[in-house]
Amino acid sequence: MPLSPRTPRRFPRVEARRPALVRLLGETRRFEELTRTRTIGLGGCMFLSTESVGYGSLMEVLISFRGAVARADGRVVWERERATNREVEVGIEFLRLSPSDR
């Protein structure tokens with residue numbers, strides 16, 4: 001069952017609007033988008049997308065932090081369309097995150 005934004009989290013998240021580049025991994029469909037995170041934590045992040053990415057999709061996420069870039073591989077664990085402007089909120093669970101990027 002997909003996690004929803006109301007499911008209790010193993011890792012707390014904080015509001016953080018950071019520049020991010022997200023791209024699908026191993027998919028036949030090309031998807032790459034420059035966006036901003038909305039929340040972030042050790043276990044994952046949420047960002048806004050112009051389109052649905054797809055539940056379970058594997059992604060590479062590059063997030064800018066004060067002149068450095070953290071890289072993580074993740075999986076989409078939930079999506080929710082925003083009624084106001086056709087954007088999609090996308091929740092990512094980090095699967096691989098180097099100790100230095102934590």
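Contact here means heavy atoms within 4.5 Å. The model is predicted: local features need pLDDT of at least 70, side-chain atom pairs count only at pLDDT 80 or more, and totals for chains, interfaces and linings use all residues. Residues are numbered from 1 along each chain as its sequence is written, and side-chain values use heavy atoms, with hydrogens and water left out.

The chain holds seven strands and zero helices. Helices (H or I, at least four residues) and strands (E, at least two) are DSSP runs, numbered from the N terminus. The order along the sequence is β-β-β-β-β-β-β. Of the contacts with a separation of 6 or more, 50% join residues 24 or more positions apart. The chain has 102 residues, and 39% of them are buried. Buried means under 20% relative accessible area, exposed means over 50%, and partly exposed lies in between (1.4 Å probe, protein chains only). The accessible surface of the chain is about 6,600 Å². Carbon and sulfur atoms supply 52% of that surface. These areas come from the Shrake-Rupley method with a 1.4 Å probe; for residues, only the protein chains shown count as cover.

Strand β4 spans residues 44-49. Six of its six residues are buried, so β4 is largely enclosed by the rest of the structure. In a regular strand the side chains alternate between the two faces of the sheet. Both faces of β4 are covered. G44, M46 and L48 are buried on one side, and C45, F47 and S49 are buried on the other. Strands count as paired if DSSP finds at least two bridges between them. β4 pairs with β3 (residues 32-41) in the antiparallel sense, over four bridges. Two residues separate β3 and β4, which form a hairpin. In this pairing T37 stands opposite F47 of β4. β4 also runs antiparallel to β7, and six bridges join them. There, S49 stands opposite V88 of β7.

The largest nonpolar core has 19 residues. Such a core is a set of buried Ala, Val, Leu, Ile, Met, Phe, Trp, Tyr and Cys residues joined through side-chain atoms within 4.5 Å. V53, M59, I63, V90, I92 and F94 touch the most other members of the largest core. Two or more residues come from each of β2 (19-24), β4 (44-49), β5 (58-65), β6 and β7 (88-97). The most come from β7, which gives five. V90 is in contact with C45, M46, F47, S49, V53, V76, W78 and E79, leaving aside neighbours within four places in sequence.

D73 lies in strand β6 (residues 68-81). What does D73 touch, not counting residues up to four places away in sequence? Its partners are L25, M59, E60, E93, F94, L95 and R96. D73 is buried, because its relative accessible area is 8%. The D73 side chain makes polar contacts with the side chains of R71 at 2.9 Å and R96 at 2.7 Å. A polar contact is a pair of N or O atoms within 3.5 Å; within protein, one must be able to donate a hydrogen and the other to accept it, and residues adjacent in sequence count only if both atoms are side-chain atoms.

Both pairs also form salt bridges, with closest N and O atoms 2.9 Å apart for D73 and R71 and 2.7 Å apart for R96 and D73. The latter pair links distant parts of the chain: R96 is in strand β7, D73 is in strand β6, and they are 23 residues apart. A salt bridge places a side-chain nitrogen of Lys or Arg within 4 Å of a carboxyl oxygen of Asp or Glu. R71 is partly exposed at 35% relative accessible area, whereas R96 is exposed at 57%.

The whole structure contains nine salt bridges. One of them joins the side chains of R80 and E89 (2.4 Å, N to O). R80 is partly exposed at 33% relative accessible area, while E89 is buried at 11%.

R66 lies in the loop between β5 and β6. R66 is not a glycine, yet its phi is positive, at about 45°. With a relative accessible area of 82%, R66 is exposed.
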